[in-house]
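Me: I want to go through the charged pairs in this model. Let's start once it's on screen.

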Amino acid sequence: MSCRRRPGILLACSILTGALGLVAGCHAARVLAPPPTLRAASASDFAVDVEFAEPLDRASAETLTHYRVYPFNHPEAAISLFSSTLIDTINGRVVQLLLSGGPLSDSSLYTVRADNVRSLAGGLTGDRNAIFTAGLGYGRDIAPLMATHCNRCHAAAQPGGQYRTDSYAALFGAGSDGSRANIIAGDPSSLCIKRSKPLNSMYNLGAMSFLDFEILYNWVVSYGARR
């Protein structure tokens, strides 16, 4: 509905908009701010996921010389890279870097640098950097992710499917089908992962990105759903 600034209808438009929001509730996908130009997160002790703000040209995205990974503030100590793979099957924005050097030192800061990767539209992405902490943990990585994408539908006020995401313990509870825990450490077929896969219900309703799903998946599978 288009609410033009005419006397007498602006207030009505505001009321209707608010009412529609209440009706939609958790079934309306969230619209988030534009993503940062570059994000990065551990995928394992020997892998890093890097998310761009725009879709990428596959050949350019998978050219290894476009990337460097090194300990924070120590570019001279760059880690040897084995491969770069465009793993994002939805928007073509996430590249996974496999390290032949390593492993990453758990809980240490690292920098990923991406230099002039070509976008799908044909332009160059320029020189971009992202800082990440090696390893994934509940408090640092998963709790903020759940707060942003999941808790509005799965917290105390509205535990969708009788499943809550607003605490570490709650994530391991049984969900709507009651047959098994929603998260089982190390299990890639955990219900929470299945429902958060790209284009599945929780992915869409939570306005998740491919990297958000990767963080959840790798926390469960690579890092044993640790605190």
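Me: Arginine 39: buried or partly exposed?

Reply: Partly exposed, at 24% relative accessible area. Buried means under 20%, exposed over 50%, partly exposed in between (1.4 Å probe, protein chains only). This is a predicted model: local features need pLDDT of at least 70, side-chain atom pairs count only at pLDDT 80 or more, and totals for chains, interfaces and linings use all residues. Numbering runs from 1 along each chain as its sequence is written, and side-chain values use heavy atoms, with hydrogens and water left out.

Me: Which residue forms a salt bridge with arginine 39?

Reply: Glutamate 51, with the closest N and O atoms 2.9 Å apart. A salt bridge here is a side-chain nitrogen of Lys or Arg within 4 Å of a carboxyl oxygen of Asp or Glu. Glutamate 51 is buried, at 1%.

Me: How far apart are the closest N and O atoms of arginine 93 and glutamate 51?

Reply: 3.7 Å, in a salt bridge. Arginine 93 sits in the loop between S4 and strand S5 (94-99) and glutamate 51 in strand S2, so the pair ties together parts 42 residues apart in sequence. Strands are DSSP E runs of at least two residues, helices H or I runs of at least four, numbered from the N terminus.

Me: Which residues are linked in a network of salt bridges?

Reply: Arg39, Glu51, Arg93 and Asp212.

Me: And how many salt bridges by this rule?

Reply: Eight. Another pairs glutamate 54 with arginine 128, at 2.7 Å, N to O.
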